[in-house]
Amino acid sequence: MLASKRGLIAFSSIHSSAGKVCARALVTRCNGFDVRTLRSNLHTSRRLLAETVKVPQMAESITEGTLKQWLKQVGDHVEQDEEVATIETDKVDVSVNAPSAGTITELLAKEDDTVAVGQDLFKLEAGEGGAAPKPKSDAAPPKKEEKAPPPSDKKADAEAAEPTTPPPPKKEAKEDPKPAPKPKDGEPSASKPKAKESSTSPPAPAAAPGSRNETRVKMNRMRLRISERLKEAQNTAASLTTFNEIDMSSLMEMRKLYKDEVLKNHDVKLGFMSAFAKAAVLALKEIPVANASIDGDSIVYRDYVDLSVAVATPKGLVTPVVRNAEAMNFVDIEREIAALGKKARDGKLTIEDMAGGTFTISNGGVFGSLFGTPIINIPQAAVLGMHAIKERPVVVNGQIVIRPIMVVALTYDHRLLDGREAVTFLVRIKEYIEDPRKMLLA
């Protein structure tokens, strides 16, 4: 009886311990299932949080562009409105910004790919991701493991092996002097190999001085568009150019007197562009057809003047527009031209900055050009070209004097302007520049 009771107690204890083990196993399995479930849920939630950023709208006339550069890579953290990529179009560069702060998880296009408006561009996981760059720095040290010693040992082994080889060539060298006297006895036989060498020496003249390498570079979209527009202008407009000379003495004197005052009061440098712009506005009022354009079988006349100012940039020539120039004075025009020029050089011009334009002024004189025939910026009717100022002998009141002279050119569309209107327009500009006071009376 005592033994049986002890057996029952032992069996019950074993049964209870087994139950505990089973319970623990069940709990562990349940916990493992919960952990896996939580992990999968977190992974799927992260996927759901990843936002796909698309190519933004650029302009009504632009449907695609070239992905010029990725400024961020996978794993990089970006702030809201931070620039991620740059898309190059035939007019301006469009920046793609992050819609919110987060981490870039995937790039869906490569550089130099053509991307269309609305196309998926990259994926962004919202949230803070500043810890991503740290592992990169941690991973860097192991890469710095010195692997130089093994190659040095190999080189040492090679060097050790080299001394064993010299003895045989020395023996060959001893054999060489013996056959050497033989060709001396027979000179004609020695001349024959020389002839063979000369027959195999044609590549020698190819070593000409200087390099003849060529590099092929794909034209960017803006350069392609500029070339198309210029060729279209030549094929469309009946272009003709008229020239005149302007004595810059009065304008240079006025600028010398007031440039410091203008800079001090308005923080703007007083140049020659504002005077020519104002003179062009007054001349356009007198010759309105120079401010017009052809639209089908109609002529469109405008009461306002939007001046396109040609600006040279590393990518090509752009023409941002000074709008309603007829309502501006010298200082306003200089300020607007300076602002547009800075945006152009920084690559920050927008489509709106270059849209429209009724008349163009191009100043090639800043690069030293003396003469030139500017090309019309269609659908405009004319373009004024300014050039460098050079001192020349001129006749004034029957006497030869030295004056600063600028040659100006007006290229016009003969379909709209006749020679009389074009020459009158350029003469008016000459009169206004040679005596700036007349602009106050116009």
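**The strands and their surroundings**

Analyst: Strands here are DSSP runs of E with at least two residues, helices are runs of H or I with at least four residues, and both are numbered from the N terminus. Two strands pair if DSSP finds at least two bridges between them.

The model is predicted: local features need pLDDT of at least 70, side-chain atom pairs count only at pLDDT 80 or more, and totals for chains, interfaces and linings use all residues. Residues are numbered from 1 along each chain as its sequence is written, and side-chain values use heavy atoms, with hydrogens and water left out.

Within this sheet, strand S2 (residues 64-70) and strand S4 (residues 83-88) run antiparallel and are joined by 4 bridges. Gln 69 has Thr 86 in S4 as its bridge partner. As a general point, side chains in a regular strand alternate between the two faces of the sheet.

Another open sheet has 4 strands in the order S1-S8-S6-S3, again with antiparallel pairing. Its edge strands, strand S1 (50-54) and strand S3 (77-78), each pair on one side only. Strand S6 (residues 102-107) and strand S8 (residues 120-126) run antiparallel, joined by 5 bridges. Gly 102 has Ala 126 as its bridge partner in S8.

The search of the whole structure finds 2 aromatic pairs. The ring centres of Trp 70 and Phe 122 are 6.0 Å apart and the ring planes are at 85°, so this pair is edge-to-face. Rings of Phe, Tyr and Trp (its six-membered ring) pair if their centres lie within 6.5 Å; planes under 30 degrees apart count as stacked, over 60 as edge-to-face and the rest as tilted. Trp 70 lies in strand S2 and Phe 122 in strand S8, 52 residues apart, and the pair thus links distant parts of the chain.

Parallel pairing occurs as well. Strand S12 (residues 307-309) and strand S16 (residues 359-363) run parallel and are joined by 3 bridges, with Leu 307 opposite Phe 359 in S16. S16 also pairs in the parallel sense with strand S17 (residues 382-386), over 4 bridges. Here Ser 362 stands opposite Gly 385 in S17.

Helix H9 (residues 273-286) packs with helix H12 (residues 419-434) at an angle of about 135°, their axes 9 Å apart. Axes are lines fitted to C-alpha atoms, for helices over the stretch in contact, and angles run from 0 to 180 degrees between N-to-C directions. H9 and H12 are therefore oblique to each other; angles under 35 degrees count as roughly parallel, over 145 as roughly antiparallel, 65 to 115 as roughly perpendicular and the rest as oblique. The residues that meet include Phe 276 and Leu 282 in H9 and Phe 425 and Tyr 432 in H12, where contact means heavy atoms within 4.5 Å. The axes of H9 and helix H10 (residues 330-345) come within 9 Å and cross at roughly 115°.
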